[in-house]
Amino acid sequence: KLLQGVVTATNVGIQANTAWESQKLAIASIVSSTNQLSDAQGRVLEGAEKFTASQQVAEELMKRIQQLGLETTATTQELVTGFQAIIAPALKAGYALEEIPELATRAAQAMGAFQIPIQQMRTEVESLLSGNINKAQDLLAPYLNIKPEDIRKWKTLGTLVEEVNKRLEIFKYSSKAIADTWDGLKSNLQDYVDFISRGATAGLFDSMKASVRELL
């Protein structure tokens, strides 16, 4: 039973490390392709240097999401997946890269309040920022009483980010209450288990990868 418990815990850690690594690389690729990155001296990075720097940016963004995720009923993995999906439309709408974790969190809180599945974050946020609202499937914008003509007006005035943030801001104040719900507590417990397991098996995970590389 003890051995079985160790194997199960190790499995959780390996899976958590695998998911974290895959999502970090995916976000790094998006960051690298949509942003200009510079070093400490202001030199614009290109090629491999740029991708290495984008991995560090992705790691910091994911850590921020991990902290903010404690305010929602979504797990860190769900939030990171949602964040990954909305980077491009959020940047296009005028959000700075470092503002997008907060946008993803507030959107997740709003979607939770309206009982909208977190898996729909990409389409919901994209319609909210673009104004291409499909009444048959897009729920968040109508629930927030935002109409396509509102979004077009805000785009013209250059206030889209400010107006969207204003309407999502109210959900920030429900974060403590959400975290104390049963769904919130379960979500946070899962995040803590993944975080601890990922850290505890990080060395093993790297050794396994090194062994496979050597075998190949």
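**Exercise 1. Find which residues form a nonpolar patch on the surface, and work out whether isoleucine 196 is buried or exposed.**

Step 1. Start with the patch: Tyr192, Phe195 and Ile196 form it, and together they have about 350 Å² of accessible area. Keep in mind as you look that this is a predicted model.

Step 2. Now place one of the three in the fold. Isoleucine 196 sits in helix H10, which covers residues 182-200.

Step 3. Check the accessibility. A residue counts as exposed when its relative accessible area is over 50%. Isoleucine 196 has 57% relative accessibility, so it counts as exposed.

**Exercise 2. Say where glutamine 115 is found and what its phi is.**

Step 1. Look for helix H4 (100-113) and helix H5 (121-130); glutamine 115 is in the loop between them.

Step 2. Now the backbone: glutamine 115 has a positive phi of about 60°, even though it isn't a glycine.

Step 3. Finish with the surface. The relative accessible area of glutamine 115 is 69%, so this residue is exposed.

**Exercise 3. Step back and describe the fold: how many helices and strands does the protein have?**

Step 1. Count the elements: there are eleven helices and zero strands. Reading along the sequence gives the pattern α-α-α-α-α-α-α-α-α-α-α.

Step 2. Get the dimensions. The C-alpha trace spans about 60 × 50 × 30 Å along the principal axes of the protein.

Step 3. See how the chain meets itself. Take the contacts between residues at least 6 apart in sequence: 63% of these join residues at least 24 apart.

**Exercise 4. Sum up the inside, the surface and the charges: what share of the residues is buried, and how many side chains are positive and negative?**

Step 1. For the inside, buried residues make up 40% of the 216 residues.

Conventions. Residues are numbered from 1 along each chain as its sequence is written. This is a predicted model: local features need pLDDT of at least 70, side-chain atom pairs count only at pLDDT 80 or more; totals for chains, interfaces and linings use all residues. Side-chain values use heavy atoms; hydrogens and water are left out. Helices (H or I, at least four residues) and strands (E, at least two) are DSSP runs, numbered from the N terminus. Buried means under 20% relative accessible area, exposed over 50%, partly exposed in between (1.4 Å probe, protein chains only). Contact means heavy atoms within 4.5 Å. Patches are made of residues with over 30% relative accessible area and no salt bridge: like charges are joined within 9 Å, nonpolar side chains (Val, Leu, Ile, Met, Phe, Trp, Tyr) within 5 Å. Accessible areas come from the Shrake-Rupley method with a 1.4 Å probe; for residues, only the protein chains shown count as cover. A salt bridge is a side-chain nitrogen of Lys or Arg within 4 Å of a carboxyl oxygen of Asp or Glu.
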